[in-house]
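The paragraphs below will walk you through it step by step.

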Amino acid sequence: MDSSLITKLRRKLNLEQMTSLCSGENNWETKSYEALGIPKVVMSDGPHGLRVEAEKEEGKIGVGDSLPATCFPPATLAACSFDESLIKEMASAIAREARTAGVDLILGPGLNIKRSPLCGRNFEYYSEDPYLSGHLAKAFVEGARKEHIGATLKHFLGNNQETRRMTVNALIDERALREIYLKGFEIAVKEAGPMAVMCSYNSVNGEFLSQSKHFLTEILRNEWGFEGIVMTDWGAVYDRVKGVKAGLDLEMPGSGGVNDHKIFDAIKEGKLKKTRLNEMAERLIAFALEAEENRQAAGTPEPVDINEQHLLARRVAAESMVLLKNEDSLLPLDKEKLKTIAVIGKMAFDPRYQGSGSSKINPYRIEAPYDAIAAETADGVKLLTAQGYSDSSDEKHKRIVREAVETAGKADVAVVFAGLPDKLESEGYDRTTIKLPENQLEMIQRVCEEQPNTIVVLFNGGVVDLEFEDQPKAVLEAWLGGQAVGAAVSDILFGRVNPSGRLAETIPMRLEDTPAYINFPGTEDSVNYGESIFVGYRYYDYVNRPVRYPFGFGLSYTTFEYSDMKASAADDGTVMVSCRVKNIGERAGKEVVQLYTGKPDGKVQRPIRELRGFTKIDLEPGEEKVVVFELSKDDFTYFNPTRNAWTQEEGLHMVLIGASSRDIRLEAEVALPAPPLPKLTRHSYMDDFMANPRGRQVIEVIMSQFQSVTGKIIDTEDNFFMTMLHGTPVSKIVTFTNGLLSDKSVDRILEFVNGEDDSETFDIRCLFEDKEEKRNWFQSMLEGIFGKKEDNAFYTVDCPVRDLMANPETRAVLAKYCPDEYMHGEIMDMIISMGVTMRKVQKLIPDEYYPYSLLTTIDEELRLIPKDNKEEI
Ligand code: BGC
């Protein structure tokens, strides 16, 4: 976009006009200055269809009725498609409706991580995995853009619960932020460049997102190169002036100018730099011009064919539903062979197909499962029906259950529709359990006892406990299916569609097994993300915990065979991976091929494996395709908070191809080019030095020459001392040697290790270059600690007995005080071969033979004998 035009337009605005741009005109529009060439931008929820609010009745507040729109499957289901091109198609379809409705910007997709299954809004989010979330969000942005409509990534960041969502402070460590919570946003921002990002209400690590310079400017713009605008979630402003400084562009919805005035006053009072406002105004102008350009590029919109939209909604749903169990190949049902089907459960007639809150759409139509099954079977099969349970209460109605059981008993097969009633999950509150209502559980059990051929179809936004899953023969997890839910379920039940949905989140055995269980939803306004990077399968796999169904799992009516894996690393760290996948069954089907990487021998705590690629392929029976993935060196890194950098570990890495996180079919090792050596710092430890050739040299030189240079012994046999040495950062040598080595010595070590000086070999004397200067300072201390200046030149009891025996004079001193039998023979040989000091010998020998006072006497005498070959320092 022409930046000089934008600056020109901005200059036409006076201060008041500029500040007025910082908030919305109303709930869904930005302010405009048409006469000056700054148009308004119109936006609307939401992620799985449009929610253009109808005019509200005078004085009514809240989420009002909205105009009819196609209700596509919410993210919780759509994500299970594992299909970027399908998500793109869906976003384009939503965008076409947006265009005809005069909407420029969709308030979606939502890509918060499913940290806990209890989050009441999980139905609006994609996955527990950031790679999958980020790529599906990217596809959404691209799909909308194809129709010249903008998209908004939300809710940035750490909005992973609804409890106190407006005030809660999420305490998330840096690694978890980078690897899990920021990652999806990073992928979508960098790869798709969305028009907007919506910041969340909550704070992360003590700062509200709407005023966090760290996240909104340093990471989003400076690190990732985001060029769109940041808007607030609805009402997420706390301190608007701080928000301007942080990089928050637009407050939504409009607040009657309350906060714009604060910005105005802050500038007048000199508390806010005008340049900050200029930058912001320019971003908002660019945003408005982009929307205008999009409108022009789109031209006059064609009317949207709502039947086509419905068919797409059906396809997305059917391609995403996950078949979890299919004993005896009960599915697909063969309508030619069936005479009677029992359709049981209220949700067969009144399905749950979307969640509540700001994403709730007023669908054009709803295709209920019962109607779709009736249409599919036409007159050939008799359908029997029963309500099964009441969803207005958990109460167990004996009569309703009895009817269901009787109905099931009369049929060849029973299809039970169960799930979470609307009131159990919504934006605005979290769940407290993942259990299905008791009345449904009882009904399922009784029906299964009566009818062995029972299929359970589930409608739920968040994960439910499948404690009943051993009872029915088949389980179809249909999540929330959108307005064509019934047809999509029927397509799968009768085999028009071969199921290819895969779980975008793990189904745990129990709520208590979930990684955030003890930390969700926190205490008042504080929630600690104690599980760190171990979210979803990263946790279950790490602790080897049984799960009901793993991430990436899903059955098909056919079988796929994986073979012939190849993985090769290029010099730049790129890794090409390929394998063959063959459909060895009798039906055409789609397989989601998943690529993970892992570092089993890593020194850093890491997930066992992490998703780094996926692709969905379509195979006819007997057909085989070669699947190719390209991994970059970043796919093998972890975020090192100490270095504040993505870091690669040396050595071999695993590349794994599988059909779920726990069904790895092929694996290969790749040796990646060694990463550049990290710079050592004052906080580096001995192990860090040993991992660096120059560092190793320093350690070796110090270990071998320290004694001859300083006269002090490094007792390498003293385990505790050596452990301490290993566990102590290099900077501590200053205080630990009481100043014998100085800060300058540490600098010299680091200069050498980090290659900042020219020398190839390390000269220990450089550590003592300022010794004389220091002696004046530390004279008395040095004498106390290290003995007199000349100490190094004389023998002491701290010398190895080997040395004392080798010198005739010192040997004579020992002979004077040691009984003859100790001076010769086995004991002395051992003492000599062990290299122990005289001081140590005194400790090893009983006091009556060798009292401590004797040691002092010997020491005094030894100190009179000069050492041979003493090296001057
Ligand atoms: C939700 C957003 C939504 C906005 C507008 C907020 O309550 O968190 O996701 O876009 O309302 O409806």
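Helices (H or I, at least four residues) and strands (E, at least two) are DSSP runs, numbered from the N terminus. Proline 253, for example, sits in the loop between helix 9 (240-246) and helix 10 (258-268). A cis peptide bond links methionine 252 to proline 253, with omega at about -10°. Before going further, note that residues are numbered from 1 along each chain as its sequence is written. This is a predicted model, in which local features need pLDDT of at least 70 and side-chain atom pairs count only at pLDDT 80 or more, while totals for chains, interfaces and linings use all residues; side-chain values use heavy atoms, with hydrogens and water left out.

Let us look at the whole protein. It has 29 helices and 28 strands, and its C-alpha atoms fill a box of roughly 115 × 75 × 50 Å along the principal axes. Of the 873 residues in the protein, 57% are buried; buried means under 20% relative accessible area, exposed over 50%, and partly exposed in between (1.4 Å probe, protein chains only). The protein exposes about 36,600 Å², and carbon and sulfur atoms supply 49% of that area. Accessible areas come from the Shrake-Rupley method with a 1.4 Å probe, and for residues only the protein chains shown count as cover. Contacts (heavy atoms within 4.5 Å) can also be sorted by separation in sequence: among those in the protein between residues at least 6 apart, 75% join residues at least 24 apart.

The protein is divided into domain 1 (1-26 + 191-297), domain 2 (307-529 + 536-549), domain 3 (560-672), domain 4 (686-786) and domain 5 (801-862). These bounds come from an automatic or database domain assignment. Between the C-alpha centres of domain 1 and domain 3 there are 40 Å.

Now find the ligand. Which residues come nearest to it? Of the 14 residues around the ligand, they are Asp45, Arg121, His155, Asp233 and Glu427; a residue is near a molecule if one of its heavy atoms lies within 4 Å of it. By class, this shell holds five nonpolar, two polar and seven charged residues. Here Ala, Val, Leu, Ile, Met, Phe, Trp, Tyr, Cys and Pro count as nonpolar, Asp, Glu, Lys and Arg as charged, and the others, Gly among them, as polar.

A polar side-chain atom of histidine 155 is 2.7 Å from a ligand oxygen. For arginine 165, an N or O atom of the side chain lies 3.1 Å from an oxygen atom of the ligand, and for tyrosine 201 a polar side-chain atom lies 3.4 Å from a ligand oxygen. The ligand taken alone exposes 310 Å², of which the protein buries 93%.

Asp45 also takes part in a cis peptide bond, the one from aspartate 45 to glycine 46, with omega near 5°. Glycine 46 is placed in the loop between strand 1 (43-44) and strand 2 (68-69).

Other loops are worth a visit too. Serine 116 lies in the loop between strand 3 (105-106) and helix 5 (130-146), and counts as buried because its relative accessibility is 3%. Leaving out residues up to four places away in sequence, serine 116 touches Asn122, Ala516 and Phe520. Histidine 148, in the loop between helix 5 and strand 4 (150-156), has a positive phi of about 60° although it is not a glycine. Is histidine 148 buried or partly exposed? Histidine 148 counts as partly exposed because its relative accessibility is 28%.

Finally, turn to helix 22 (residues 743-753), whose buried residues are Ser745, Val746, Arg748, Ile749, Leu750, Phe752 and Val753. These buried residues pack against helix 18 (686-690), helix 19 (693-710) and helix 21 (733-736). At the start of helix 22, a side-chain oxygen of serine 742 comes to within 3.2 Å of the backbone nitrogen of lysine 744. Just after helix 22, glycine 755 has a positive phi of about 70°.

Notes
Polar contact = N/O pair within 3.5 Å; in protein donor to acceptor, adjacent residues only side chain to side chain.
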